[in-house]
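Let's walk through a structure together, feature by feature. Have the viewer open and follow along.

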Amino acid sequence: MQKYNMLEEYDKIILESKSILKECDLCDHCLGRFFISSTNLSSARILGNKIRNSLNSRSVSKCYICKNLFSNIDHYVKMMQNVSIEYEFSTFIVKKTKKHIDHLLPDITFIINFRTEQCNVKTKPVFLYGRYIKDKRGLPQKGESCKDCKGKGCIFCNNHGLVSFDSVEGKISQFLYEKFETKQVKFTWIGGEDKTSLVMGNGRPFFAKLLSPKKRNVRLAKKSNLDEITIHTLRTIDVIPNGSIRFKSKIKILVSTKNNISSNVLKKLKQLVTVPIEITNSDNKYHKKTIHGLKYKKNSLQSFIVEIEADGGIPIKHFVDGSNITPNISDLLGTQCSCKKFDINQIYLSK
Ligand SMILES: [Zn+2]
Ligand SMILES: [Zn+2]
């Protein structure tokens, strides 16, 4: 009975094959692949060859589906081995150029142009989370993007997208280029600071996306010293969280005033804790932030230090000089104030 069913199944395959081969020329492999799942056979090529023999069909000069790729498969496997020798990966996919198979997320993708015989590899990005501490003044947070490619990466910037590495972004990038053998790193910062600011406490959190790294299983030290900055708690994560990340920071601001300021007037600073801080962005978007705590100390007749614990995203310089923020320190004290420098003493991620 079983045998009879099998034969019936094979007759169906023969019949279908006949009409398929009438439409197009197929190699043994591609013909066999049509039916392999309904048989218990392990080789599509052998099945295809059996069918062809049953039909007395001649072998084809060029397969309609694979353009004879399968008969040259050893050659292409060798080519892929050659281009991927330096890469770490455990899953892979092969894409023909101009075809997209993006529902799979393999570690490595081979893109083969069968016309030019070129083979390129691209790996899945690696995502990282870490914090940096900056205990010396003078390093800007963000690097200078390449003007030729606007940061996308091109031959003029060695695919880095950056042209100068004298920044927090540049220092961390260079560290990661080496560790992960990657060309490009994209950062998501939790807040920002000035060139002259210090970032102390546990440091500023950041996310990094490494594009097409060759190494993915990299051992990361608890702490790495990169001259002006230290990075710590650096670890790989599955994905960078979507949307804006809420945080609070403790910031110490040195303010100078146009006119002499009395201790009595300075007392008004305390009012900032009781009201919402309303910010209008350059794109006319409106935000409300809160100052959760405030301390101040008079320094001289025309300067004082104020320390706030506040929601992330308050532009500190504007909060002092008064542009597009109400209330602000200048209006509150009734004299033009300016931010001489500010330091980040701590950053807390909101749960
Ligand atoms: Zn074929
Ligand atoms: Zn460039």
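**Reading a sheet and a helix pair**

Q: Which strands form the open sheet, and in what order?

A: In general, strands of a sheet pair through backbone hydrogen bonds, either parallel or antiparallel. Here three strands make an open sheet, ordered β11-β10-β14, with antiparallel pairing. Its edge strands, each pairing on one side only, are β11 (286-289) and β14 (325-326). Strands are DSSP runs of E, at least two residues, and helices runs of H or I, at least four, numbered from the N terminus; two strands pair if DSSP finds at least two bridges between them. This is a predicted model, where local features need pLDDT of at least 70, side-chain atom pairs count only at pLDDT 80 or more, and totals for chains, interfaces and linings use all residues. Residues are numbered from 1 along each chain as its sequence is written, while chains are lettered from A and ligands numbered from 1 in the order written.

Q: How many bridges join β10 and β11?

A: Four, in the antiparallel sense, with β10 covering residues 277-280. Ile277 stands opposite Lys289 in β11.

Q: At what angle do α2 and α3 pack?

A: Axes are lines fitted to C-alpha atoms, for helices over the stretch in contact, and angles run from 0 to 180 degrees between N-to-C directions. Helix α2 (residues 28-35) meets helix α3 (residues 44-55) at about 95°, their axes 7 Å apart.

Q: How buried is α2?

A: A residue is buried if 20 or more other C-beta atoms, placed from the backbone, lie within 10 Å of its own, exposed if 12 or fewer, and partly exposed in between. Six of the eight residues in α2 are buried, including Cys30 and Phe35.
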